[in-house]
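Hi,

Here is the structure I promised to pass on to you. Have a look at it first, and then read on for what turned up.

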Amino acid sequence: PGISKDPNRFTDRSGSVIEDLGGSDQTEAAVRRALDWFAKEQKTDGHWEETQSPIAHTGLVMLCYYSYGASHDKEGPYQETLKKALAWMLKKVGPEGQLMDGGRFYDHCIGTLALAEAYGASKDEHIKEPVTKAIKYLIRAQNPSTGGWRYAPYHIKKFDGDLSVSGWAFMAMASAQISDIPVSTDARKRGLAFLDRVGAGRKRGMYGYRTPRPSPSMTAEGMYAYELFAGAKKDPRLDESVKYLMTHLPDKEQENFYYWYYGTLSLRLYGGEGWEEWNSRMSPLLLKLQSKDGSWAPMGKR
């Protein structure tokens with residue numbers, strides 16, 4: 001959510017902009033219902049939790065608010081909700097910059113991404129030092145050879161890496177860099193090398209989890225990571241990704257929010273006919289699946 005070089009990415013939700021992005025009055029109303037539901041579900045100390053991963057859950061919800069245009073430092077219906085969430089998250093940053101609980105390194109990546117987006121939205125100096133420390137820890141946790149991330153930092157447990165965790169790490173680093181938090185060039189180069197490692201196809205535009213055995217979810221995530229690090233300009237590798245995703249367009253039987261999430265991010269950033277075809281199926285499906293209270297019920301293996 002939210003990662004874009006557009007300086008207005010946190011603020012402009014005028015009707016014409018939403019329509020240009022593929023949205024509508026219906027989708028905007030659905031987003032507001034969801035944000036209202038989140039506000040009701042927030043714990044008294046500011047976090048959200050469904051399993052043993054409150055840092056990851058809280059980070060994901062914060063991303064929804066910031067990408068909607070809300071901010072902890074801007075008056076609006078969700079300002080207090082975000083203030084409490086941000087205060088809770090900042091307290092979770094450890095002395096070395098680590099942000100981990102039950103969700104292992106997913107927590108650190110998603111928590112760091114949320115703080116980077118919060119800083120990008122506000123330039124609040126109280127966030128800059130914690131998020132800088134978190135980014136440094138993220139880079140320290142990367143496999144120095146393969147360029148990937150896994151469930152634990154590399155200096156704690158050796159691994160090759162997997163694209164599921166690594167995708168969140170790519171997003172956190174991209175958001176930090178766009179928000180003027182220093183990110184090492186070497187770390188980004190190693191990340192691209194990891195995408196080559198798990199990339200399949202003539203242009204390596206189809207991706208697997210830990211090996212070049214492609215799946216729709218990993219291809220969508222790998223495509224988005226590649227766009228963030230190499231750019232979303234016309235590229236044969238990205239064309240190969242789009243061609244693969246077009247053979248797995250959204251439908252209810254997939255029951256795969258994970259795939260829908262990354263497919264929407266990657267194709268929206270790339271644009272063109274692929275995005276239009278994806279969105280023409282994704283938006284009606286999400287609207288149909290939303291519960292009356294504004295939430296979406298869990299479905300599928302993930």
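**Salt bridges and a helix**

Arg 281 and Glu 277 pair through their side chains in a salt bridge, with 3.6 Å from N to O. Please keep in mind as you read that this is a predicted model. Both Arg 281 and Glu 277 belong to helix α12, which covers residues 272-289, and they sit four residues apart, about one turn of the helix. How accessible are the two partners? Arg 281 is partly exposed at 39% relative accessibility, and Glu 277 is partly exposed too, at 32%.

Another one to look up is the bridge between Lys 123 and Asp 180, whose side chains meet at 3.3 Å, N to O. Is Asp 180 buried or exposed? With a relative accessibility of 55%, Asp 180 counts as exposed, because the cut-off for that class is over 50%. Lys 123 has a relative accessible area of 37% and is partly exposed.

Next come Asp 196 and Arg 204, which form a salt bridge at 3.9 Å, N to O. Asp 196 is partly exposed, with 28% relative accessible area, and so is Arg 204, at 40%. Which residues are linked with them in a network of salt bridges? The network is made up of Asp 196, Arg 204 and Arg 237.

Helix α4 runs over residues 79-91, which makes 13 residues. From its first C-alpha to its last, helix α4 reaches 19 Å, close to the 18 Å expected at 1.5 Å a residue. Its buried residues are Gln 79, Thr 81, Leu 82, Ala 85, Leu 86, Trp 88 and Met 89. What covers these buried residues of α4? The cover includes α2 (25-41), α3 (54-68), α5 (105-122) and α6 (125-140).

Best wishes

Notes:
Residues are numbered from 1 along each chain as its sequence is written. This is a predicted model: local features need pLDDT of at least 70, side-chain atom pairs count only at pLDDT 80 or more; totals for chains, interfaces and linings use all residues. Side-chain values use heavy atoms; hydrogens and water are left out. Helices (H or I, at least four residues) and strands (E, at least two) are DSSP runs, numbered from the N terminus. The expected span of a helix is 1.5 Å times one less than its number of residues. Buried means under 20% relative accessible area, exposed over 50%, partly exposed in between (1.4 Å probe, protein chains only). Contact means heavy atoms within 4.5 Å. A salt bridge is a side-chain nitrogen of Lys or Arg within 4 Å of a carboxyl oxygen of Asp or Glu.
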